[in-house]
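Comments follow as numbered points.

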Amino acid sequence: MDPDGHRLSVGGLVEGSLELSMEDLRERPRREVTAVMECAGNRRDGLTGVAPIPGETPWGAGAIGNARWAGVPLREVLLEAGVGEGARHAAFAGLDEVEGDDGSFNYGGSIPLQKALGPEVLLAYEMNGEPLPREHGFPLRVVAPGYIGARSVKWLSGITLQEEPSDNHFQAHEYKLFPPNATEETADLSEGMMLGELQLNAAICEPGDGAKLTAGPVSVRGYAIAGGGHRVRRVDVSTDEGGIWTRADLREGADDPWAWSLWEAILELGPGEHSIVARALDSSAATQPATAKEVWNFKGYANNSWHGVEVTAL
Ligand SMILES: Nc1nc2c(c(=O)[nH]1)N[C@H]1C(S)=C(S)[C@@H](COP(=O)(O)O)O[C@H]1N2
Ligand SMILES: [Mo]
């Protein structure tokens with residue numbers, strides 16, 4: 001695509017619509033935010049042990065990243081256009097076309113206006129100090145920190161303020177949370193909860209599942225994220241399925257509601273097989289459900305049950 005010819009349109013329930021070039025956007029106030037980008041399907045593989053989830057990618061704990069984004073706060077652009085009466089949601093459209101059952105359409109999604117007016121939500125043109133890489137949305141994307149990745153629309157071409165959430169397939173049909181008894185065939189779409197805010201979550205990145213280690217002190221490391229603008233306050237690890245917990249050290253990002261926190265715990269492991277689990281607690285004292293069974297849903301979203309690895313110490 002041609003960044004020079006690219007125009008972002010801002011319309012719908014606004015006082016005056018806008019057409020902004022990349023240069024126009026760069027001239028507006030710039031803000032940097034370090035934020036997690038997490039797919040709602042992160043850790044889906046942990047749910048497939050309860051019951052199969054056909055047709056969806058069985059992500060491990062790696063459908064997540066953390067980057068330093070820079071761009072114009074969406075708020076600046078919305079206030080410039082003037083939020084019109086009745087506006088409740090900011091809907092985004094990307095340039096990419098998706099093949100649907102009734103022809104092709106552009107990728108899209110929305111966030112509530114209240115979130116869109118938060119200072120942390122960016123129209124980002126940089127990632128880690130470089131222009132956005134094309135697979136991450138060059139030349140412009142939404143970064144909605146603390147929300148599922150699906151709402152951070154890449155290759156952004158339009159913003160519409162409207163009364164209702166986006167009717168785009170990816171908002172109205174996908175990324176909805178259903179109770180465990182719902183299935184693809186029985187699910188009533190209107191009963192599904194639209195996913196927005198991320199959930200408190202923690203994952204063990206090292207050692208990997210199935211690792212063979214030397215008995216003795218073992219460094220267990222991973223990431224933790226909070227949802228809803230909360231902070232990660234504590235991460236615990238256990239080798240007896242949550243009987244006794246060892247508190248991990250929070251290494252970075254712990255006081256930031258949008259970034260991940262990296263953590264480390266040193267466990268003394270004797271020879272033999274060990275099952276290590278981790279869980280986080282946030283600033284509202286919420287913690288994670290113990291089992292995948294509690295959170296299973298047929299689309300495989302939002303798995304924030306305790307993450308575990310099996311290791312052998314020799
Ligand atoms: N235009 C557009 N934006 C999109 C998508 C897409 O397919 N098209 N995928 C979404 C989903 S589901 C996720 S998880 C994130 C992934 O962002 P990343 O590729 O920068 O990691 O982008 C979101 N934005
Ligand atoms: Mo995603």
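The points below take up the ligand, then the pockets, then the cavities.

1. Basis. This is a predicted model in which local features need pLDDT of at least 70 and side-chain atom pairs count only at pLDDT 80 or more, while totals for chains, interfaces and linings use all residues. Residues are numbered from 1 along each chain as its sequence is written, chains are lettered from A and ligands numbered from 1 in the order in which they are written, and side-chain values use heavy atoms, with hydrogens and water left out.

2. Shell of the ligand. Around ligand 1 there are 14 residues, of which Asp96, His136, Arg141, Lys154 and Tyr175 come nearest; a residue is near a molecule if one of its heavy atoms lies within 4 Å of it. By class the shell has seven nonpolar, three polar and four charged residues. Here Ala, Val, Leu, Ile, Met, Phe, Trp, Tyr, Cys and Pro count as nonpolar, Asp, Glu, Lys and Arg as charged, and the others, Gly among them, as polar.

3. Polar contacts of the ligand (pairs of N or O atoms within 3.5 Å). A nitrogen atom of ligand 1 is 2.7 Å from an N or O atom in the side chain of Asp96. Oxygen atoms of ligand 1 are involved with His136, at 2.6 Å from an N or O atom of its side chain, and with Lys154, at 2.5 Å from a polar side-chain atom. The protein covers 79% of the 540 Å² of accessible area that ligand 1 has on its own, by the Shrake-Rupley method with a 1.4 Å probe.

4. Largest pocket. Ligand 1 sits in the largest pocket, in the sense that more than half of its atoms lie within 2 Å of the grid points. On a 1 Å grid over the protein atoms alone, a pocket is an open set of points with protein on both sides within 12 Å along at least five of seven lines, a cavity is a set where a 1.4 Å probe fits but cannot get out, and lining residues have an atom within 4 Å of a point. The largest pocket holds about 400 Å³ of space, a volume being the space filled by probe spheres set on the points, which are joined across faces, edges and corners. Its lining has 20 residues, and Tyr107, Arg141, Gly149, Ser152 and Lys154 are the closest to its centre.

5. Make-up of that lining. Two or more residues come from each of β3 (31-38), β4 (64-73) and β5 (89-100), strands being DSSP runs of E of at least two residues, numbered from the N terminus. The largest share, three residues, is from β4. The lining of the largest pocket divides into 12 nonpolar, four polar and four charged residues.

6. Second largest pocket. About 330 Å³ of space lies here. Among its 18 lining residues, Arg43, Gly46, Trp306, His307 and Gly308 lie nearest the centre. β20 (272-282) and β21 (307-313) each supply at least two lining residues, with the largest share, four residues, from β21. This lining has six nonpolar, eight polar and four charged residues.

7. Cavities. How many cavities of 30 Å³ or more does a search of the whole structure find? There are two. The largest has a volume of about 50 Å³, and its lining includes Glu38, Cys39, Ile148 and Asn303; five of the lining residues are nonpolar, four polar and one charged. The second largest cavity holds about 40 Å³. Val36, Gly146, Leu198, Ile225, Ala226, Pro257, Trp258 and Ala259 line the second largest cavity, giving seven nonpolar, one polar and no charged residues.

How values were computed. Polar contact = N/O pair within 3.5 Å; in protein donor to acceptor, adjacent residues only side chain to side chain.
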